[in-house]
Amino acid sequence: MDLDVQTNLNVLNITFSLRNLSRKTDEMYYRITVYDDYFDSSWRTTKLNVYVHSSCTIHPNTTTVKETDNVSLNVTTTGNPPVYEYIWTHPNGSRLTANSTLTFTASRQDTGTFKVSVYNGVGNRGICTSNVTVQYKPENTNMSHSPNKTKFCLGNLITITCTSNANPPVEKYSLYRNEKWIQENDFGLFKVLLDKTGTNRFTCKPENQIGVGENKSLTSINVTEPTAISNCQILDNGKERAFAVEGRNVILKCIISGSEPLNIIWTNGQQVWYDNTVTFEPVNRSDTDTYNLTVSNGEECNNAETSFKLDVYYVPERTIIKIYPNKIAFCRGDQIHVNCTTSAKPQAKYSLYQNDELIGSSKSGHFFVGLNVPGNVSFTCVPSNEAGYGENRSVTLEVKASPGTSHCKMLENGKERTFAVEGINIELKCIISGSEPLKKTWTNGRQVWNDNTVTFEPVNRRDTGTYNLTVSNGEQCNKAETSFKFDVYYVPESTAMEIYPSKITFCRADQIYVNCTASAKPQAKYSLYQNDELSSSSRSGIFVVDLNTSGNISFTCVPSNEAGYGENSSVTREVKGLHPPELIVSSNKSYSQSNPLVLFNLSINACPSNTSLSCNPSAPNILTTITSHDAGLNGKQYLVVVIIQNDVDSANIVCKAENSVGVRERTLHFYRQAIHPKDNSPILIEKQNKTLFT
């Protein structure tokens, strides 16, 4: 470093200052050189010593050791001049004698901060520290439990607390019961179920990183088994029963458990038994009660208590049987109500026997029985329950067969008929059943028969009617009633026969209606004979006959029914042969001066008689009208009305008659002026402006 200073002074003071001195960089020799104008120089050398106050560091700065371990704390110091004084201080504040190294055997009292103060005569003292942790196994272990007592009941829950002094703190508390591990945790609080009877000794073993520490045990805890009651039962001759039966030797017993000594008390509120069993020799229905059993074995455990309901059963007694309706005679088919009652425990079941045969069972004792067998019927009620069979009771009823009627029939000489024929001996009879004595009554409203049969010798149509039969045998059964429709048939009579058309002469090929009638029961069937030869049959008696043969023909009507053949009836008719129509005119000429209306009378005979007639005029201004009526058996009469205009002086009208055989024609003549006839023909006379024929 150069400093250029010019001055004319004889004395020059120069100050050189160093800041932030560092021994490392600043402690050295310094030289100053002075020059004049003549380049003469002088110099001087000086050493700069830099003093530093003391400081220190302890190694190790932090250490963890086990108790009884050897410990060395080494101090490293800095400063100028060197440190020459060391003052050590224990964590408890006491002074220790040592230099740069402190050596000791570790104990738990050494845990804390060791301090050393160093000094080199410059500035302040240097102070440094080292933290020492001395670890040791758990010790001064303590145990407690809650509840704080020594006697407990099996199943109780207790709390056990373990504590111990250790460094580092306890990592695990292990709990043993009777030298057998049961639990472990890191906080020393245990919930323990007392599930072992007898003496229970609990031990706590604490443990940390250093090892297992001091163990501790509780005062012995005594665990009592609580009393218990189970399987209470009734014994009858050593066999278990669900109930007791009156009159038998019975023992009431329960299975009892628990730590001895046991205090056992049975009571029903009136009597006390100090034993495991209650004996009844013999048991009676009055022993039915609730029996309470209490078992105890000290204050540690609750008492065991149970109640046993002793039911003493007895067989049914004082049995009663009643019949409704309240009577002893009935009708077959009736339904009765049988009621059985008895005194029993438990409730009786009833079995009902009819004539020593079981017909039903019931818990209620009510039976509804249909009486289906006639005669004397006995009913026996047999009650029973779990205790056995009780007294029986019986009643006998009379059951009548109700009157009955069936297969009513008519008998002719012992043979069954469906109808009676007038004039024959007939018996009316029904099959009758029912318990005797039977009262039988037939009546038709006019007459009464007190017998099973009604005899007709002979039967007459007046006997036709409804016959009512009534059969009874007393008030128990309804009467049997039936009605029989008795029909008496008779052969046809008063036979009559009619022919339509009502005439005696016919043409061959005509069709006629024959009507046959007769009085008969049942309705007659009619057979028609033509010349003694069967033509046809009919239920109605009406026949349609085509006449195909000429001559005299006899017709005979023969009626018949289920009763037989009746009276015949016959007629004879003439049947003529066929011919064409024959036209007969009273006059075929007509005269008129002024009257326009002209009448002609015609008649026709023909076989067959069904003939058609037509009249046609010769002039267009002439009108004709024809009317007809029957004339005799085979003829018809016709009136031909002709209307002629005044300007017509004469005209011809041609009339034509036709049937199935042939055709015939006649011509009618009209003249305006009168012409006197020369022959014997009828004379036309005008009177009051009318034309008359004679």
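Arg393 is partly exposed, with a relative accessible area of 37%; buried here means under 20% relative accessible area, exposed over 50%, and partly exposed in between (1.4 Å probe, protein chains only). Its partner Glu391 is partly exposed as well, at 35%, and the side chains of Glu391 and Arg393 meet in a salt bridge with an N to O distance of 3.7 Å. A salt bridge is defined as a side-chain nitrogen of Lys or Arg within 4 Å of a carboxyl oxygen of Asp or Glu. The structure is a predicted model, in which local features need pLDDT of at least 70 and side-chain atom pairs count only at pLDDT 80 or more, while totals for chains, interfaces and linings use all residues. Residues are numbered from 1 along each chain as its sequence is written, and side-chain values use heavy atoms, with hydrogens and water left out.

By this rule, 16 salt bridges are counted. Side chains of opposite charge can pair when their charged atoms come close. Glu67 forms a salt bridge with Arg108, the closest N and O atoms being 3.0 Å apart. This pair links distant parts of the chain, 41 residues apart: Glu67 lies in the loop between β4 (62-66) and β5 (70-80), and Arg108 in the loop between β8 (101-105) and β9 (112-119). Helices (H or I, at least four residues) and strands (E, at least two) are DSSP runs, numbered from the N terminus. A salt bridge of 3.0 Å, N to O, also joins the side chains of Arg285 and Glu246. Arg285 is partly exposed at 31%, and Glu246 is partly exposed at 25%.

An open sheet of four strands has the order β25-β24-β27-β28, with antiparallel pairing; two strands pair if DSSP finds at least two bridges between them. Its edge strands, β25 (272-273) and β28 (304-310), each pair on one side only. Strand β27 (residues 289-296) pairs with β28 over seven bridges in the antiparallel sense, and Tyr291 stands opposite Phe308 in β28.

Most residues other than glycine have a negative phi, and most peptide bonds are trans. The peptide bond from Glu260 to Pro261 is cis, with omega near -5°, and Pro261 lies in the loop between β23 (250-257) and β24 (263-267). The bond from Lys345 to Pro346 is likewise cis, with omega near -5°. Asp532, although not a glycine, has a positive phi of about 65°; this residue is placed in the loop between β50 (525-530) and β51 (533-538) and is exposed, with a relative accessible area of 67%.
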